[in-house]
Amino acid sequence: MSSRLLINHSTTVRFSGSIFNFHSLLYYNNTSSYSYLTKPPHIFISANLSPKRPYARAFSSVRASSSSAAMTGQTDAASAVPDATMDAVQRRLMFDDECILVDENDRVVGHENKYNCHLMEKIESLNLLHRAFSVFLFNSKYELLLQQRSATKVTFPLVWTNTCCSHPLYRESELIDEDALGVRNAAQRKLLDELGIPAEDVPVDQFTPLGRILYKAPSDGKWGEHELDYLLFIVRDVNVNPNPDEVADIKYVNREELKELLRKADAGEGGLKLSPWFRLVVDNFLFKWWDHVEKGTLKEVIDMKTIHKLT
């Protein structure tokens, strides 16, 4: 039986000529290996203690502390961790989630963590473009479910947007290109994560991918989006239990109510704002597609061959 020990301590580690200072949890078991699991959890260093295979690995998300801090032995986690004041849940997602990098023809070219994919500096200097999806969920009365993003979201906090907007991750089940199955799998996962909608309420075969858009949008100067976005429509009556870490509010709207939201956003009433990707879909596609939602003829407007470059 494996024995386990968890020790909470501060540590300094040398790796490839650099010094890393962080507050860590040391996990050890009798398999002759150990791992440093840091707070926040995006820094990870592991080492194999086998005498035949001595090595250490440091993943790219580790950030070296300044040499002066290292020399003085400082172990303040905030000095070694980027954006240490970021909400803990959002920070974990920023470094744990690996987005799918694509070119402008939607061909997979690699992967990168969510943090780097949303830094405008990286977007501009490296032209990072990642795959995304936007779900538009209608109930049986053909009302569209909207969400207001939580105040702790890194990009576009507290803006109103479509039902769910997120990213397929660089994992086997979400990389399947055939019939956009990977994206549909990711949509089902995130509807549960963000809105508490059970998977059985939104079967993957009930999503209709209607098209793709490519857009770039800065959020606050530091953060932004550069996405190749799959637009997924679904008509279902669902159970909704929003996750407050992700969603501040929800509402169903009919067409006239959405038009009133657009008017208020344009007028700046009550500080109401809409996400840029949602506004692009509204201005270019939504109302004419809404006709097909009500008629049950969505398949007539499917166009997955074109990638619409919108600004």
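A residue counts as buried when its relative accessible area is under 20%. I note this before anything else, and also that the model is predicted.

**Entry 1: helix H6**

I looked up helix H6, residues 181-195. Its buried residues are Gly182, Val183, Arg184, Asn185, Ala186, Ala187, Arg189, Lys190, Leu191, Glu194 and Leu195. That makes eleven of the 15 residues, so H6 is largely enclosed by the rest of the structure. I then asked what covers the buried residues of H6. The cover includes S8, S11, strand S9 (144-149), strand S12 (208-218), strand S13 (224-235) and strand S14 (247-253).

Just after H6, Gly196 has a positive phi of about 65°.

**Entry 2: the whole chain**

I stepped back to the protein chain, which has eight helices and 15 strands. It holds 311 residues, and 48% of them count as buried. The chain exposes about 15,200 Å², with carbon and sulfur atoms supplying 49% of that area. I also looked at contacts with a separation of 6 or more: residues 24 or more positions apart account for 61% of them.

**Entry 3: helix H8**

I moved on to helix H8, residues 276-295. It has 20 residues and reaches 28 Å from its first C-alpha to its last, close to the 28 Å expected at 1.5 Å a residue. Where does H8 bend? I found the bend at Phe285, and its angle is about 60°. Phe285 is also one of the buried residues of H8. Others on that list include Trp277, Phe278, Leu286, Trp290 and Val293. Just after H8, Gly296 takes a positive phi of about 75°.

**Entry 4: Phe138**

I picked Phe138, which is in strand S8 (residues 130-138). Is Phe138 buried or exposed? Phe138 is buried, because its relative accessible area is 0% and the cut-off for buried is under 20%. I listed what it touches, leaving out residues up to four places away in sequence. Among them are Leu286, Trp290 and Val293, three residues that are buried in H8. Phe138 also touches Glu143, Leu144, Phe233, Ile234, Val235 and Arg236. Phe138 and Val293 are 155 residues apart along the chain, yet their C-alpha atoms are separated by 8.3 Å.

**Entry 5: Asn162**

Next I located Asn162 in the loop between strand S10 (160-161) and strand S11 (164-166). Asn162 is buried too, with a relative accessible area of 0%. What does the side chain of Asn162 meet through its polar atoms? I found two cases. One of its polar atoms lies 3.0 Å from the backbone oxygen of Val135. A polar contact of 3.0 Å also joins its side chain to that of Thr161. Not counting residues up to four places away in sequence, Asn162 touches Ser134, Val135, Phe136, Leu145, Leu146, Gln147, Trp277 and Phe278. Trp277 and Phe278 are among the buried residues of H8.

Last, I looked at strand S6 (residues 98-102) and strand S7 (residues 108-113), which pair in the antiparallel sense over five bridges. Which residue in S7 is the bridge partner of Cys99? I found Glu112. The hairpin has five residues between the strands, and Asp106 takes a positive phi near 70° there.

Key:
Residues numbered from 1 in each chain as written. Predicted model: local features only at pLDDT ≥ 70, side-chain atom pairs only at ≥ 80, totals over all residues. Heavy atoms only, no water. Helix = DSSP H or I, 4+ residues; strand = E, 2+ residues; numbered from the N terminus. Buried < 20%, exposed > 50% of the residue type's maximum accessible area, 1.4 Å probe, protein only. Contact = heavy atoms within 4.5 Å. Areas by Shrake-Rupley, 256 points an atom, 1.4 Å probe, with all protein chains shown as cover. Polar contact = N/O pair within 3.5 Å; in protein donor to acceptor, adjacent residues only side chain to side chain. Expected span 1.5 Å × (residues − 1). Bend = angle between axes of the 7 residues up to and from the residue. Pairing = 2+ DSSP bridges.
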